[in-house]
Amino acid sequence: MTPEELLSQLQDIHEPATIGFWPLAPGWWVLIIMAICFIILIAYLCRRHIKNNSWKKEAAKTLAELKKQASEQEYQRTLFQVNQLLKQVAMYKHNDTSIKALTGEAWYTFLAAFLNGPHTPNMFTKAQLTLLTEGLYKQAADSNQSMNTEVTQLLKTLNEWIKEA
């Protein structure tokens, strides 16, 4: 036999069938399950973050309303409303309704620890804490304008605290 005859007896090379994407290899299934778990975890963390910080949005909204009203009313009224807001925030964050009854020195001590906590150290001055706890009971003196300025500064600091807390 000649080489040409031998070559003519050979069959063409058959390519193997192409591998389809289905069924997926086990590694792909593991990757898909891990991706789904990761997406669920991220959604859960986002939802928890939004839920845990919803008080900030509500407090900032209430504080903005207080700022608008501050110039139109006596500073004692504004301080009363700020104290109410702080007690609501503290009761929410500590899940303790006994905070509502705090007054005087106990309220001052609590506020000093609560407002100047580890995330916001020394944000509130001693004068601002005193204004919060005692300013409510001071009579309107001739320096009503200076008290309104102090209250305005207190509201500004409180707004920063809400953002940082």
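How far apart are the end C-alpha atoms of residues 28–46, and what percentage of that chain is helix and strand? Figure 1 takes this up, and all views come from a predicted model, where local features need pLDDT of at least 70, side-chain atom pairs count only at pLDDT 80 or more, and totals for chains, interfaces and linings use all residues. Residues are numbered from 1 along each chain as its sequence is written, and side-chain values use heavy atoms, with hydrogens and water left out.

**Figure 1. Residues 28–46 carry a label from UniProt.** The stretch is 100% helix and 0% strand, with its end C-alpha atoms 27 Å apart. (Helices are DSSP runs of H or I with at least four residues, strands are runs of E with at least two, and both are numbered from the N terminus.) An unreviewed UniProt entry calls residues 28–46 a "transmembrane region"; such annotations may be inferred rather than shown by experiment.

**Figure 2. Here is the cis peptide bond from Trp22 to Pro23.** Its omega is near -5°. Look for Pro23 in the loop between helix H1 (3–9) and helix H2 (26–52). Most peptide bonds are trans.

**Figure 3. Helix H4 runs over residues 75–94, with Asn95 following.** At 1.5 Å a residue (times one less than the number of residues), the 20 residues of H4 should span 28 Å, and the end C-alpha atoms agree, being 28 Å apart. Asn95 sits in the loop between H4 and H5. Its phi is positive, about 50°, although Asn95 is not a glycine. Most residues other than glycine have a negative phi.

**Figure 4. H4 and H5 cross at roughly 65°.** Their axes come within 12 Å. (Axes are lines fitted to C-alpha atoms, for helices over the stretch in contact, and angles run from 0 to 180 degrees between N-to-C directions.) The crossing is left-handed, meaning the near helix is turned anticlockwise from the far one by less than a right angle; clockwise would be right-handed.

**Figure 5. H5 (residues 104–115) packs against H6 (residues 126–134) at about 135°.** Their axes are 10 Å apart. The two helices are therefore oblique to each other (under 35 degrees is roughly parallel, over 145 roughly antiparallel, 65 to 115 roughly perpendicular, and the rest oblique). This crossing is right-handed. Residues that meet include Trp107 and Tyr108 in H5 and Leu129 and Leu132 in H6.

Key:
Contact = heavy atoms within 4.5 Å.
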